[in-house]
Amino acid sequence: MSTAPARPARRPALLAAGAATVTVILWASAFVSIRSAGDEYSPGALALGRLLAGSLVLGVICLVRREGLPPRAAWPGIAISGLLWFGFYSVVLNWGEQQVDAGTAALVVNIGPILIALLGARLLGDPMPPRLLAGMAVSFAGAVTVGLSMSGGGGSSVLGVVLCLLAAVGYAGGVVAQKPALGHASALQVTTFGCLIGAVVCLPFTGQLVGEAADAPVSATLNMIYLGVFPLALAFTTWAYALARTTASRMGATTYAVPALVVLMSWLALGEVPGPLTLAGGALCLAGVAVSRSRARSARVVAASPQPEQAR
C-alpha cells in the first residue's frame, strides 16, 4: 500500500513545530535583552519603544501582503490580547526584570501554561482534573521558593517575582483570548493589530521614551529595536501561526524550554546564573506544570486498549 499521502499530511505539523521552535528561541533571547536594555530604559518606555518598532515592521509586512483589516468577529480577541499580552505583560515583565535576573523571571513566568488551562476551564468549559489542581499547588510552591531565595531580607526582589507572576497572568489571558480570534483572522493580522493596540495602551509613556532615548547608549536602543523586530514581530507571528494549528495548552507546553534557554543565554551574555535555591524553585514550577499535563494511569490504559469495531 502506498504511503505517499501521509507525507503532505505531516507538512502542516512540521511547519507548526518549526514556528513554535523559532518562538521559543526568540522569546528566551527577549528575557536577556530586556534585562540588558532595562539598565537604561524604564519599564513603560521600553515597552512602548518595543511595541512601536514591532508595529512598524508588522504594518509594512501587512501592506506588502495586502492583509487588510481583520473580520469583525476577530476584534474582541485581538483587543483583549493586545491589552493583556502586548501592553500589560510588556510593562510588568520589564519592571519585574529590573528586580530579578533574567533566568528567575523566565522561571516564574513559565507558570503561564497552568493559568492557560485554568482560564480554558473557566471560560471554555474545559475539564479541570485533580492533577491540574495538584500541579498548580506545586508550581505555586516553586514561585514562593524563588521569591524567598531572591529576597535577601529585602522586598525589592519579592516585588520582582510578584510582577513576573502578574506577567504570567497577562500572558495566559492573552493566549486564551487570541485562540478564537485566529479562527477568523490570519496570524499576521492578529499579531499586527494586537501589537498596535498594545502600543496605544502604552502611549502615556511617550515622554519617558523620548527623554530616555536621548540619553541612552546606542547599544540599549538597538536592544529595544531588536525586542520589537524579532521576539515581538517575528516570534509573536510564528506563535500565532502555530497556535492556529493546535490547542492553547499544547502551545503553552512548548514554552517549558524557555527558562533553560534563558539561564544559558543570561550566563553567556550577562554572567547571571540563579542560585541553587532559585533553580530548585524553578524546578518545582516546571514539575507542577508536568504534573498538570500528565494523565492518570487508568486513562492511559483505556486509551491504549483496542476498541471494538463498530457494526457496518
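**View 1. A nonpolar patch on the surface of the predicted model.** Four residues make up this patch: Phe 88, Val 158, Val 162 and Leu 166. Together they have about 290 Å² of accessible area. Helix H7, residues 156-181, gives the most to the patch, with three residues. Phe 88 belongs to helix H3, which runs over residues 75-96. Its relative accessibility is 34%. Phe 88 therefore counts as partly exposed, because that class lies between 20% and 50%. In an α-helix, residues three or four places apart point the same way, because each turn takes 3.6 residues.

**View 2. Asn 94, a buried residue in helix H3.** Asn 94 is found in H3. Its relative accessible area is 4%, so Asn 94 is buried; the cut-off is under 20%.

**View 3. Gly 77 and Gly 174.** Gly 77 also lies in helix H3. With a relative accessible area of 10%, Gly 77 is buried. Along the chain, Gly 77 and Gly 174 are 97 residues apart.

**View 4. Helix H10 and its bend at Ala 235.** Helix H10 covers residues 218-243, 26 residues in total. From first C-alpha to last, H10 reaches 35 Å. That is close to the 38 Å expected at 1.5 Å a residue. At Ala 235, H10 bends by about 30°.

Methods: Residues are numbered from 1 along each chain as its sequence is written. This is a predicted model: local features need pLDDT of at least 70, side-chain atom pairs count only at pLDDT 80 or more; totals for chains, interfaces and linings use all residues. Side-chain values use heavy atoms; hydrogens and water are left out. Patches are made of residues with over 30% relative accessible area and no salt bridge: like charges are joined within 9 Å, nonpolar side chains (Val, Leu, Ile, Met, Phe, Trp, Tyr) within 5 Å. Accessible areas come from the Shrake-Rupley method with a 1.4 Å probe; for residues, only the protein chains shown count as cover. A salt bridge is a side-chain nitrogen of Lys or Arg within 4 Å of a carboxyl oxygen of Asp or Glu. Helices (H or I, at least four residues) and strands (E, at least two) are DSSP runs, numbered from the N terminus. Buried means under 20% relative accessible area, exposed over 50%, partly exposed in between (1.4 Å probe, protein chains only). The expected span of a helix is 1.5 Å times one less than its number of residues. The bend at a residue is the angle between axes fitted to the seven residues ending there and the seven starting there.
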